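This briefing is intended for a reader with the sequence and the model at hand. Please keep both in view while working through the points below.

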Amino acid sequence: MKLKYILLSIAITTFLFMPTSALAWGPDRPTYTNQSPADHATFNSITDNAAVGDERDFVRIEEKNSGRPYSSKITLEAGKQYEVYIYYHNNASATYNDDKHNYAGVASDVRLASSFPLQLAAGEEGEVSGVISWTTLADRNTKQEVWDEAWITATEDMTLHYVTGSAKIYNGGNANGSVLSTNLFSEQGTYLGYNELNGAVPGCDEYAGQVVYTIQTETTKPSKSGFNKTIVISLAVTFVVCLAIIVCVIVKNRKN
């Protein structure tokens, strides 16, 4: 009995002091494989996806046009652009998408919400998050969701900015290439879809896709050129004011 409590204490302590970046995806949920998909609408729970591996790790990031694969943890430099990659996949077998199975495989009201820090200090770690939420045709009142994070560390003090219009959805349907609403960065998120952004995503990998958007980083340190420019302007203003005073004094003396 004592051993049981000791092991429990160790487990609780390990969880509480676990590094933040280790607590990425959630919630803990049943998993599936390509050969054994789900019999109901559920998202990003296949562990052997040929394209992305474990789908629970579905938020990734990489420097834009670097040629390197997206990853779950990177270091950011100021003055560069980074692409956030978010994968989504309704894991239900296509078998359950028809009326014979009461459309159990079709997810409705499917939304994606994402966030990232607006500012980071040198050495500070932050998270880029993605939350996929949905309901089913059988129960539209119960929202389900899965989430994941990618971790970013700043090399210097910087601000982070969304590049307007960069958030796009890519899939095999007519919605491919559509620009997503900035509701993407709100708590309720923005609709996903296949042929249109209406929140309907049937089960099977043919209806899967990804959302990609760009973050611009900017340093918060004043540049040397900016500093010198400020000094030059100040000196010029001072010179003009002094010159004006001298001219006024000379003119006044001549009048006298």
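Where is the place of P27? In this predicted model, P27 belongs to the loop between α1 (2-16) and β1. The protein contains two helices and 11 strands, and along the sequence these follow the pattern α-β-β-β-β-β-β-β-β-β-β-β-α. Of its 256 residues, 37% are buried. Among contacts with a separation of 6 or more, 64% are between residues 24 or more positions apart.

**Backbone features in loops**

- The peptide bond from G26 to P27 is cis, and its omega is near -10 degrees.
- The loop between α1 and β1 also holds N44, a residue other than glycine whose phi is positive, near 50 degrees.
- N44 counts as buried because its relative accessibility is 0%, and the cut-off for that class is under 20%.
- A positive phi is also found at Y103, near 55 degrees, and this residue too is other than glycine.
- Y103 is placed in the loop between β3 and β4, where its relative accessibility of 37% makes it partly exposed.

**Strand pairing**

- Five strands form an open sheet with the order β2-β7-β6-β4-β10 and mixed pairing.
- At the edges of this sheet are β2 (73-76) and β10 (190-191), each of which pairs on one side only.
- Strands of a sheet pair through backbone hydrogen bonds, in either a parallel or an antiparallel manner.
- Strands β4 and β6 (residues 125-136) run antiparallel and are joined by seven bridges.
- One of the residues concerned is S115, whose bridge partner in β6 is S129.
- Strands β1 and β3 (residues 81-88) also run antiparallel, with five bridges between them.
- V59 has I86 as its bridge partner in β3.
- Strand β1 (residues 59-63) is largely enclosed by the rest of the structure, because four of its five residues are buried.

**S108 in strand β4**

- S108 is part of strand β4, which covers residues 107-115.
- With a relative accessibility of 6%, S108 is classed as buried.
- A polar contact of 3.5 Å links the side chain of S108 to the side chain of R140.
- Beyond residues up to four places away in sequence, S108 touches W134, T135, T136, L137, R140 and G199.

**T190 in strand β10**

- Strand β10 includes T190, which is buried at a relative accessible area of 8%.
- T190 and A113 are 77 residues apart along the chain, yet their C-alpha atoms are separated by 6.5 Å.

**Q216 in strand β11**

- Q216 lies in strand β11, which spans residues 209-219, and its relative accessibility of 17% places it among the buried residues.
- The side chain of Q216 takes part in a polar contact of 3.0 Å with the side chain of Q81.
- The side chains of Q216 and E218 also make a polar contact, at 3.5 Å.
- When neighbours within four places in sequence are set aside, the residues in contact with Q216 are G79, K80, Q81, T159, L160, H161 and V163.

**The largest pocket**

- The largest pocket has a volume of about 170 Å³.
- Its lining consists of D109, R111, L112, A113, V131, S133, K143, E145, E187 and Q188.
- The elements that contribute two or more residues to this lining are β4 and β6.
- Strand β4 supplies the largest share of the lining, namely four residues.
- By residue class, the lining of the largest pocket comprises three nonpolar, two polar and five charged residues.

Key:
Residues are numbered from 1 along each chain as its sequence is written. This is a predicted model: local features need pLDDT of at least 70, side-chain atom pairs count only at pLDDT 80 or more; totals for chains, interfaces and linings use all residues. Side-chain values use heavy atoms; hydrogens and water are left out. Buried means under 20% relative accessible area, exposed over 50%, partly exposed in between (1.4 Å probe, protein chains only). A polar contact is a pair of N or O atoms within 3.5 Å; within protein, one must be able to donate a hydrogen and the other to accept it, and residues adjacent in sequence count only if both atoms are side-chain atoms. Contact means heavy atoms within 4.5 Å. Two strands pair if DSSP finds at least two bridges between them. On a 1 Å grid over the protein atoms alone, a cavity is a set of points where a 1.4 Å probe fits but cannot get out, and a pocket is an open set with protein on both sides within 12 Å along at least five of seven lines; lining residues have an atom within 4 Å of a point. Grid points are joined across faces, edges and corners, and a volume is the space filled by probe spheres set on the points. Ala, Val, Leu, Ile, Met, Phe, Trp, Tyr, Cys and Pro count as nonpolar, Asp, Glu, Lys and Arg as charged, and the others, Gly among them, as polar.
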